[in-house]
Amino acid sequence: MAENVMANNTDGASVSASDPNWKPVKKPEEYVTKAEDFKMKGNECYKNKDYKAAIGKYHRGLLYLKGLESNKEIQLLQQNMGFQEKPGSLQEPLSEELKEHVKNVQVDLYNNLAACLLQIPDPNYEKILHYCNCVLTNKADNVKALYRRGLVLYHLKSYEDSKQSLMKAKHLCKGSVDPNIKKYLQLCDSAISKRQEKERARYQGMFDKFAEEKQDK
């Protein structure tokens, strides 16, 4: 497998055309198919509320997609070591259609990981935020990622940023707006209002104290 070539080389071992550990690089389509298979298996685990197993499947899917990037490095290594003429050893450049397909599968996997982590006790909001941002880097108008990003930012007490993300999700909704988006928008408005009231009270207290000290002089 291509992964074995990468592992051996990162460990500093030499590779030759006659090395039994060396195998031709897989076709890109095979990596994408594997990633989709793990996505479907993860979806089944999610439906059965086995979120831990689902997370493992989605991570495996992402590893296969990352293998496409790794193969670029492997290809250069093979060329430098004189493997150019070995049949099936070099990976063809990805077509634009396949690049778009890879991006869509990657978006689904990151979105699904975020959904899983939100279902488990004591969610790691920082990690969920990272997954949402990975989605939005590729698909800035992904409503699910925008909503989850808003939800996470609310729990991280970044209320203004949360509201901004939720508002964008709301505007992108086709038809009726998801009730959860409305719910967290209201929670953000309430939290922002309470924070502003506390700030006003604090500044008023500071002003009153200053006025009293001035009168005593």
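1. Packing of H4 and H6. In this predicted model, helices H4 and H6 pack with an angle of about 35° between them, and their axes lie 10 Å apart. The crossing of this pair is left-handed. On the H4 side the residues involved are Asn111, Ala114 and Ala115, and they meet Lys144, Ala145 and Arg148 of H6. Sorted by class, this contact comprises three nonpolar, one polar and two charged residues.

2. Packing of H5 and H6. Helix H5 spans residues 125–138 and helix H6 spans residues 143–155; the two pack at about 150°, with an axis separation of 9 Å. H5 and H6 are therefore roughly antiparallel to each other, since an angle over 145 degrees falls in that class. H5 passes H6 in a left-handed crossing. H5 contributes Tyr125, Ile128, Leu129, Cys132, Asn133, Val135 and Leu136 to the contact, while H6 contributes Ala145, Leu146, Arg148, Arg149, Leu151, Val152, Leu153 and His155. The class composition of this contact is 11 nonpolar, two polar and two charged residues.

3. Packing of H6 and H7. The angle between H6 and H7 is about 160°, and their axes are 8 Å apart. These two helices are therefore roughly antiparallel to each other, and their crossing is left-handed. From H6, the contact draws on Val143, Leu146, Tyr147, Arg149, Gly150, Leu151, Leu153 and Tyr154; from H7, it draws on Tyr159, Asp161, Ser162, Ser165, Leu166, Lys168, Ala169 and Leu172. By class, the contact has 10 nonpolar, three polar and three charged residues.

4. Leucine 151. This residue belongs to helix H6. Leucine 151 counts as buried because its relative accessible area is 8%, the limit for that class being under 20%. Leaving aside residues up to four places away in sequence, leucine 151 touches Leu118, Tyr125, Leu166 and Tyr184. The C-alpha atom of leucine 151 is separated by 8.4 Å from that of isoleucine 181, which lies 30 residues away along the chain.

5. Serine 162. Serine 162 is located in helix H7, which covers residues 159–172. It is buried, with a relative accessible area of 0%. Beyond residues up to four places away in sequence, serine 162 touches Gly150, Leu153, Tyr154 and Cys188.

6. Positive phi values in loops. Aspartate 122 has a phi near 50°, a positive value in a residue other than glycine. Aspartate 122 sits in the loop between helix H4 (96–117) and H5, and it counts as exposed because its relative accessibility is 75%. Lysine 157, also not a glycine, has a positive phi of about 65°. Its place is the loop between H6 and H7, and lysine 157 is exposed, at a relative accessible area of 54%.

7. Overall fold. Of its 217 residues, 36% count as buried. Among the contacts with a separation of 6 or more, 63% are between residues 24 or more positions apart.

8. Confidence. The mean pLDDT of the chain is 81, and 71% of the residues reach 70 or more. Among the elements, H6 has the highest mean pLDDT, at 98, whereas helix H1 (residues 2–10) has the lowest, at 37. Over residues 1–19 pLDDT stays under 50, and the model has 29 contacts beyond four places in sequence for that stretch. A further stretch with pLDDT under 50 is residues 83–90, for which the model has 21 such contacts.

Technical notes. Residues numbered from 1 in each chain as written. Predicted model: local features only at pLDDT ≥ 70, side-chain atom pairs only at ≥ 80, totals over all residues. Heavy atoms only, no water. Axes fitted to C-alpha atoms, helices over the stretch in contact; angles between N-to-C directions. Helix = DSSP H or I, 4+ residues; strand = E, 2+ residues; numbered from the N terminus. Parallel < 35°, antiparallel > 145°, perpendicular 65-115°, else oblique. Left-handed = near helix turned anticlockwise from the far one by under 90°. Contact = heavy atoms within 4.5 Å. Nonpolar A, V, L, I, M, F, W, Y, C, P; charged D, E, K, R; others polar. pLDDT = per-residue confidence, 0-100. Buried < 20%, exposed > 50% of the residue type's maximum accessible area, 1.4 Å probe, protein only.
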